[in-house]
Structures are given as structure tokens and as C-alpha cells.
Amino acid sequence: MSQEKPWAGRFTQPTDKFVEEFTASIGFDKRMYHYDIQGSIAHARMLAKQGIISKDEAQTIMAGLESILTDIEKGAFEFKVSLEDIHMNIEARLIERIGPVGGKLHTARSRNDQVALDVRLYLRDEVKAVLAYLDALQESLLAQAEANLAVIMPGFTHLQTAQPILFSHHMLAYYEMFKRDAGRMQDVAKRLNFMPLGAGALAGTTFPIDREFVAEQLGFAGVTRNSLDSVSDRDFALEFCGAASILMMHLSRLSEELILWSTADFRFIDLSDAFCTGSSIMPQKKNPDVPELVRGKTGRVYGNLISLLTLMKALPLAYNKDMQEDKEPLFDTIDTVKGSLKIFAEMIAQMKVRAEEMRLAAARGFSTATDVADYVVRKGIPFRNAHEIVGKTVRYCIETGKDIPELTLDEFREFSEVIEADIYDFVTLEASVNARCATGGTARVAVERELARARAERQG
Ligand code: ARG
């Protein structure tokens with residue numbers, strides 16, 4: 001077959017071998033083969049409908065493209081670096097297979113609008129995949145919340161014991177974060193869903209094309225409105241990487257908590273052995289590799305966003321070869337996010353909760369001190385004074401090695417006369433949790449309401 005470049009007419013010397021390798025993108029853009037062929041079929045059909053090529057020519061081209069798709073899927077397609085990218089590899093193979101008529105496919109098209117189309121088609125499907133993985137993770141969080149409704153754990157601020165909370169409440173906090181991440185991904189899908197083909201190299205085309213017809217065949221909501229923008233825009237990739245970065249930040253925070261919770265010091269959870277490894281020297285070790293790696297991979301996803309932003313910064317309109325560098329950060333982000341979500345959905349589903357350990361930890365650290373303060377306030381004492389009263393009470397507890405619920409009524413009354421025997425109804429872990437029953441609070445009724453709501457919105 002001819003390995004001649006499409007631009008050979010203009011050139012007198014062949015491309016330098018190393019330059020060929022340096023400029024090629026086939027090594028990574030071949031993963032878009034399916035979308036390249038899908039786009040080409042829609043384009044060929046449109047060319048025939050508009051009388052730009054004949055119906056027979058379109059049939060031949062489309063059949064040729066289908067057979068190439070089969071070959072690639074069978075692993076029977078040789079990708080050539082000399083043909084630079086996926087677009088030229090497929091076109092060259094088409095011409096080789098069906099003859100010179102294959103050369104008509106590229107009428108009214110440029111690789112600049114072709115690649116813009118391919119990336120959009122590809123990313124549109126990948127966003128759907130990310131959404132499916134996000135959904136599975138949300139389901140795991142929800143299931144853990146439902147299965148552990150009676151479990152009380154310490155809530156932290158500054159990583160210091162603050163107030164007791166329901167473990168379910170903690171799980172639902174992440175459910176909310178991932179719900180917003182899904183919303184951001186849906187926004188990405190909505191804004192990218194416009195069809196750029198027809199922009200040609202940059203200015204449009206002299207052929208009487210029907211862009212709306214192509215858009216409709218490919219399931220786009222409409223066509224892009226400016227040819228220069230169509231071939232220059234990578235906002236959709238940036239938005240995806242931005243949304244992915246926020247998502248990874250959430251996964252990284254959850255990772256950090258799982259790592260802490262599975263230490264011998266916390267002992268709040270057990271991760272399944274399937275997600276951990278041992279140490280080659282310390283026999284007692286079980287390391288939480290998966291959350292550690294996800295926390296680590298968050299760095300590369302942020303890096304990809306910055307690479308892409310830096311790549312696009314200051315590029316003059318319209319297409320510049322720089323933009324070929326958009327793919328690796330985008331693809332790496334997609335792979336990393338999908339992998340992290342997939343493994344997290346499974347790991348959370350299999351996580352064992354140590355209810356007793358959580359409860360013991362919640363009881364330590366005077367976590368019901370705020371409840372005593374609120375009690376004193378309800379008896380008419382200004383909050384600032386109440387804060388001081390309970391501060392002194394806690395200092396007394398520390399000095400005498402007692403916990404708040406263990407104080408006698410006389411001891412309580414040393415600090416404030418307004419305290420009466422009913423104080424003991426307020427300082428248990430359950431009382432503290434269940435007192436916070438307004439919408440969004442940790443009380444069991446409030447958490448049950450949110451669980452029901454989450455279930456309903458997932459079924460609806
Ligand atoms: N492989 C190229 C890319 O990914 C396709 C577009 C090439 N266009 C060009 N004028 N060289 O950006």
C-alpha cells in the first residue's frame with residue numbers, strides 16, 4: 001500500500017523518521033477508532049443525501065468503514081505511525097480496501113473538525129460510564145447508611161472529637177458530594193453535545209453540506225455556531241477534567257478517612273482483604289493500598305487539568321498542533337476516574353463497620369459537652385456563660401478522670417445551680433444525636449428522612 005502522506009503533493013522530501021514518531025498521535029488516539037468511523041459514516045451519508053457524492057459511492061464507503069471497524073475489533077488492523085493519527089490510518093486503509101472512491105470521504109471535511117467531533121463523541125460516552133460508576137458508589141454508600149442506622153461514631157472538627165453523630169450521617173455526607181459530582185458530569189455532557197463537523201479546517205466549507213442532518217444522526221442536540229470556535233474549543237475537555245478533579249478530591253477525602261479508620265488506633269472499620277496488601281517484613285500489617293492509591297492518583301487528575309489549561313492558554317485561533325496534546329491528559333483522567341470509582345463502589349460495599357469501637361470513641365473526648373451547655377442555655381443562662389460553666393466542668397472531669405455522664409448531680413451543681421436531675425437525659429450519646437433533628441442534622445429521624453429521600457430520588 002502507499003504510505004504516502006496526504007500532503008505529499010506539496011512536499012519534496014519525505015518526513016524525517018524521528019519527526020514522524022514525534023508528531024504521531026496514533027499511539028493514544030487509536031482508542032477513538034469507533035467514534036472516528038461512526039462520524040465518517042454519518043458524514044458519508046450526508047454527502048450522498050446532498051448529492052456531493054453518489055449514493056453508490058456512499059454505500060461503498062460505508063461498507064468499507066464497517067469492515068475496517070470489524071478488523072479493528074478483531075485485532076486485525078495494523079496501526080501505522082507513518083500515518084500519524086487515527087483519522088489518517090482509517091482513511092488510508094479505506095482507500096486501500098475500496099480504491100480511489102475512498103478518497104471522496106474527506107470531501108467537505110478536515111481533520112480539524114473531524115478530531116473535534118471524535119473527541120466529543122468519545123467523551124460523551126465516557127461521561128455516561130463515569131455516571132454509571134458514580135451511581136454504583138452512591139448505592140454502596142446508601143446501603144452502608146441503611147445497614148448501620150444504630151451506629152454512633154464521634155464527629156470531628158480539627159480531627160478532635162467534637163460531637164457524636166450517626167455513622168449513617170457520615171456516609172450520607174459523601175452521598176451528597178457524589179450527587180453533586182454527578183450533576184457536574186451531566187452538565188459537561190449537556191454542553192458538549194453540539195456537533196462541530198462542517199467547520200472544515202477553520203472557515204467552513206464551499207460544499208452544500210447539511211450539518212443538522214449529521215448532528216441528528218449522531219444524536220447531538222444541535223450544531224456548533226461558529227467554525228473557528230468549533231475547531232478551537234476544548235472547553236468540554238477542560239470542564240470534564242475540572243469536574244473530575246472535584247470528584248477525585250471527594251474520593252481522596254473519603255480515602256483519607258478510610259485509611260485513618262482502619263488504623264489500630266481508630267479501629268472503626270475493616271476493609272476487605274481483597275483491597276489491602278501485607279508487608280514483606282512486618283507480619284502484622286494490613287495496608288489500605290486502594291484508598292492510598294486513589295488518594296495518590298488524585299494528584300495526577302489535578303495535574304491533567306493544569307496541563308490542559310496550560311496547553312490551551314494563549315493559543316491563537318483556530319487549530320494549532322499543540323491541541324493534539326489534549327488527548328493524553330483527558331484519556332488518563334477518564335481511566336483514573338473510572339478505575340477509582342469502580343474499585344471504591346466495591347470496597348465500600350464490602351467494608352465492615354465496628355460499631356462497638358465507634359461507640360467507645362464517641363463516648364471519649366467529652367463529646368456531649370455542647371449538650372450540657374445547650375441545657376444550661378435553655379435554663380436562661382446566656383450561651384457565653386454556659387460555655388464557661390461547661391468548660392470548667394470538663395476541666396474538672398479531666399482532673400478527676402471522670403466522664404460527663406458519670407458526674408453526680410452535686411458535682412454538676414458545683415458549676416451551675418440551674419442543673420437538675422434531668423441533665424442525665426441529655427448527656428447520653430443517643431440523646432445528643434437525636435436532639436439534632438432539624439433537616440440535615442444527625443438525629444436518627446432526620447437521617448431516616450434523608451435516606452428515604454435518597455431512595456426515592458434514585459427510584460424516581
Ligand atoms: N491528530 C490531530 C490532533 O489530534 C488531528 C488534527 C490534525 N490537524 C492538523 N491540521 N494537523 O489534533
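## About the model

This is a predicted model, in which local features need pLDDT of at least 70, side-chain atom pairs count only at pLDDT 80 or more, and totals for chains, interfaces and linings use all residues. Residues are numbered from 1 along each chain as its sequence is written, and side-chain values use heavy atoms, with hydrogens and water left out.

## Around the ligand

Which residues surround the ligand? They are Ser25, Asp85, His87, Arg111, Asn112, Val115, Tyr319, Gln324 and Lys327; a residue is near a molecule if one of its heavy atoms lies within 4 Å of it. By class, this shell has two nonpolar, four polar and three charged residues. Here Ala, Val, Leu, Ile, Met, Phe, Trp, Tyr, Cys and Pro count as nonpolar, Asp, Glu, Lys and Arg as charged, and the others, Gly among them, as polar. Helix α6 (residues 111-147) gives the most to the shell, with three residues. Helices are DSSP runs (H or I, at least four residues), as are strands (E, at least two), numbered from the N terminus. The ligand lies between domain 1 (8-107) and domain 2 (112-148 + 166-205 + 219-360), because both give residues to its shell; these bounds come from an automatic or database domain assignment.

Now for the polar contacts (pairs of N or O atoms within 3.5 Å). A side-chain N or O atom of Tyr319 is 2.5 Å from an oxygen atom of the ligand, and one of Lys327 is 2.6 Å from a ligand oxygen atom. Gln324 places a polar side-chain atom 2.8 Å from a nitrogen atom of the ligand.

## Annotated spans

UniProt, in an unreviewed entry, lists residues 9-303 as "domain: Fumarate lyase N-terminal". This span is 61% helix and 6% strand, and its end C-alpha atoms lie 41 Å apart. UniProt annotations may be inferred rather than shown by experiment.

## An aromatic pair

The whole structure holds 12 aromatic pairs. Rings of Phe, Tyr and Trp (its six-membered ring) pair if their centres lie within 6.5 Å; planes under 30 degrees apart count as stacked, over 60 as edge-to-face and the rest as tilted. Phe18 and Phe22 have ring centres 6.0 Å apart and planes at 40°, so this pair is tilted. About one helical turn separates Phe18 and Phe22, because they are four residues apart in helix α1 (residues 17-23).

## Two backbone spots

Leu317 and Ala318 are joined by a cis peptide bond, with omega about 0°. Ala318 sits in the loop between α11 (289-312) and α12 (327-350).

His158 is not a glycine, yet has a positive phi of about 55°. The loop between β1 (152-157) and β2 (160-166) holds His158.

Key
A polar contact is a pair of N or O atoms within 3.5 Å; within protein, one must be able to donate a hydrogen and the other to accept it, and residues adjacent in sequence count only if both atoms are side-chain atoms.
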